[in-house]
Amino acid sequence: MLSYQHAYHAGNAADVHKHALLAVALEYLARKDKPLTYLETHAGRALYDLAAPEARKTGEAAAGIAVMAPWFAPDHPYSRALEVARRKGGPQAYPGSPLIASTLLRPADRIVLAERHPQEVTALRRAMPAADVRAADGPSLVLSIAPPQPRRGLVLIDPSYEIKTEFRTIPEFVAKLRRKWPVGVLAVWYPVLASGAERPMVERLAGLDGDALSSEVRFAPVRPGHGLIGSGMWIANPPYGLETAAAELAERFAGSGPRA
Ligand SMILES: C[S@@+](CC[C@H](N)C(=O)[O-])C[C@H]1O[C@@H](n2cnc3c(N)ncnc32)[C@H](O)[C@@H]1O
């Protein structure tokens, strides 16, 4: 059984990077008056409580969204999702990626969420009772659906990298998915680690054919010696304008504290 629980990490600096880019990408995609599909391979529970013992134990949100929220104007799509989470769960609530997507997408858009941990599946269904939640292995599910209907859309691939082989299997999955769904926007999150264990995966992604955007930011480790020193997003077929938003976000991170 997997032991990773995102409740310990929700709202950390990596989530801010990932979720802000996701929100901007979805807002751009939703500007076109055509329905789209949003898929997630590793959905998590959609609604987190930053006052819960898990979040307080690591202090990651305190060094993340608690200090970074003012970077985003109230009408920024990420701020809008934060507001929706707080209306649902109170002032200490934080939106996971499925809630960000449901905030920004329209009724005609399709959302399919895969999550494998039974406790997270239950919480996800509670937070988003109308969503199409599948208790399944995310990559296999998405490959079985692709190309989805509607064909326009985005998949967020956000593993915990708890299983070290994921650094090899995720780029293999992305390459297959790209062949099955060439027009899909494929967004892969990865950790930037002090050990550099993610670099071979980043190189494999960079070597794939087609248009892609890479956004990497660094931040101070949340505790001395903590291995997570940054956050990366690799996005195939990035929506027009996302590159500018990614550069602005990177500047914010660069100006926010000690760099590695
Ligand atoms: C990093 S968390 C997801 C966070 C979420 N995407 C967000 O940004 O709010 C990774 C999640 O993937 C789940 N998971 C791990 N392996 C999985 C698999 N093979 N298929 C589906 N879910 C999986 C874990 O239980 C965990 O909830």
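How many nonpolar, polar and charged residues does the shell around the ligand have? In this predicted model, local features need pLDDT of at least 70 and side-chain atom pairs count only at pLDDT 80 or more, while totals for chains, interfaces and linings use all residues. Residues are numbered from 1 along each chain as its sequence is written. The shell has four nonpolar, nine polar and five charged residues (Ala, Val, Leu, Ile, Met, Phe, Trp, Tyr, Cys and Pro count as nonpolar, Asp, Glu, Lys and Arg as charged, and the others, Gly among them, as polar). Among the 18 residues around the ligand, His42, Gly44, Gly96, Ser97 and His117 come nearest, a residue being near if its C-beta atom, placed from the backbone, lies within 6 Å.

Turning to the sheet, seven strands (DSSP E runs of at least two residues) form an open arrangement with mixed pairing in the order β5-β4-β1-β6-β7-β9-β8; pairing requires at least two DSSP bridges. Because β5 (132–135) and β8 (212–218) stand at the edges with a single partner strand each, one side of each is left without a neighbour in the sheet. β8 pairs with β9 (residues 228–236) in the antiparallel sense over seven bridges, and Ala212 stands opposite Ala236 in β9.

Helix α1 (residues 13–29) and helix α5 (residues 97–104) are the next pair to consider; helices are DSSP H or I runs of at least four residues. Their axes, lines fitted to C-alpha atoms over the stretch in contact, come within 10 Å and cross at roughly 25°. That makes α1 roughly parallel to α5, a label for angles under 35 degrees.

Note on methods:
Axes are lines fitted to C-alpha atoms, for helices over the stretch in contact, and angles run from 0 to 180 degrees between N-to-C directions. Angles under 35 degrees count as roughly parallel, over 145 as roughly antiparallel, 65 to 115 as roughly perpendicular and the rest as oblique.
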